[in-house]
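Biologist: Hi! Could you walk me through this model?
Modeller: Happy to, let's open it up.

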Amino acid sequence: MMPQHGLWTMAAAAFFLLSAFDAGSARADALSMNALREVLNVRPQGDAQVGAALFAATGCAGCHGEAGISANPEWPILAGQRSPYLYKMLLDYRAGRMQGQGAGMMAAVTANLNEQQISDLAEWLSRQTRPMLIRHTGREPAVLKGDRSRLIPPCEACHGANGQGWDLQPTLAGQHRAYLVSVLNRFKSGERNNDINAGMAQIARKLNEQEISALADYYGK
Ligand code: HEC
Ligand code: HEC
């Protein structure tokens, strides 16, 4: 896995360089990447045991399931998700950097959590077992490997060869199909705009409806 990670990092860095040009100067904001690094640098060490208790006590389990596997297909599965990504998302909800109806619920439940508690929750969730489903049916969507003519990098450059993710690039494998469709459409419309340098939004904007559907079939369940 390690050598591949180096490759993904290079691919991701190259893409972000490209996207800076693509987006014009208004969005070329390396500082937000640095700000995120800073936030992660001072992240308190998460305690998974405390996180488990918090997950039950603060009502997360009511929506996301006892072990982070939500029954409602509109509510994301959290089990086995990358801990730095979970930490970032929870901070984004708390700070109002996520928009939309579901985000409002999440803003409310995170409002009174501190960094330590958020880190505890992220740590515990990342250690829960996730059914990592990718059905290699031989009908992988072509765009999975990227599309040079539209400057779309391969999904797996960042999300891993099996959709398992890495650090800040979320695990996609085994996520609810409906949630994947919803989130890709929201990146596309700009409703979701908490991603660094609008990296995901710029990709999603180039995907058509059929591609979004095929990608969700591939990664989702
Ligand atoms: C009332 C239902 C509800 C409760 C309670 C709730 N969530 Fe959520 N959660 C949601 C919904 C809906 C979304 C998707 C929001 C969106 O679309 O932006 C979400 C999204 C998330 C995400 C983002 C996942 C991703 O893949 O992007 C995380 C992390 C999360 N919730 C963690 C928690 C934690 C931790 C708690 C408890 C402190 C909690 N949630 C409580 C409904 C809930
Ligand atoms: C250059 C790296 C990169 C590439 C290439 C990339 N992504 Fe992403 N993706 C990210 C990052 C980083 C995030 C997290 C954004 C954030 O912080 O909100 C993300 C988030 C997502 C999410 C949201 C997951 C969730 O749980 O909320 C989905 C879905 C997604 N990507 C799908 C794809 C698909 C499908 C492709 C290929 C067409 C792709 N991505 C290509 C970096 C990438």
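Biologist: Where does UniProt put the feature "binding site"?
Modeller: The unreviewed UniProt entry places it at Cys155, Cys158, His159 and Met200. These residues span 46 residues in sequence, but no two of their C-alpha atoms are more than 11.3 Å apart, so they gather at one spot. UniProt positions are given in the numbering used here, feature names are shortened, and annotations may be inferred rather than shown by experiment.

Biologist: Good to know. What sort of model and numbering is this?
Modeller: It is a predicted model, where local features need pLDDT of at least 70, side-chain atom pairs count only at pLDDT 80 or more, and totals for chains, interfaces and linings use all residues. Residues are numbered from 1 along each chain as its sequence is written, while chains are lettered from A and ligands numbered from 1 in the order in which they are written.

Biologist: Back to that site. Is Cys158 buried or exposed?
Modeller: Cys158 is buried, because 21 other C-beta atoms lie within 10 Å. The cut-offs are 20 or more other C-beta atoms within 10 Å of its own for buried, 12 or fewer for exposed, and partly exposed in between, with C-beta atoms placed from the backbone. Cys158 is part of helix H8 (residues 155–159). Helices (H or I, at least four residues) and strands (E, at least two) are DSSP runs, numbered from the N terminus.

Biologist: And which residues does Met200 contact?
Modeller: Leaving aside neighbours within four places in sequence, Met200 is in contact with Phe187 and Asp195. Contact means that the two C-beta atoms, placed from the backbone, lie within 7 Å. Met200 sits in helix H10 (residues 199–204) and is buried, with 20 other C-beta atoms within 10 Å.

Biologist: New topic: which residues come nearest to ligand 1?
Modeller: Of the 22 residues around ligand 1 (C-beta atom, placed from the backbone, within 6 Å of it), Cys60, Cys63, Pro76, Gly102 and Ala103 come nearest.

Biologist: Which helix gives the most to that shell?
Modeller: That's H6, with 6 residues.
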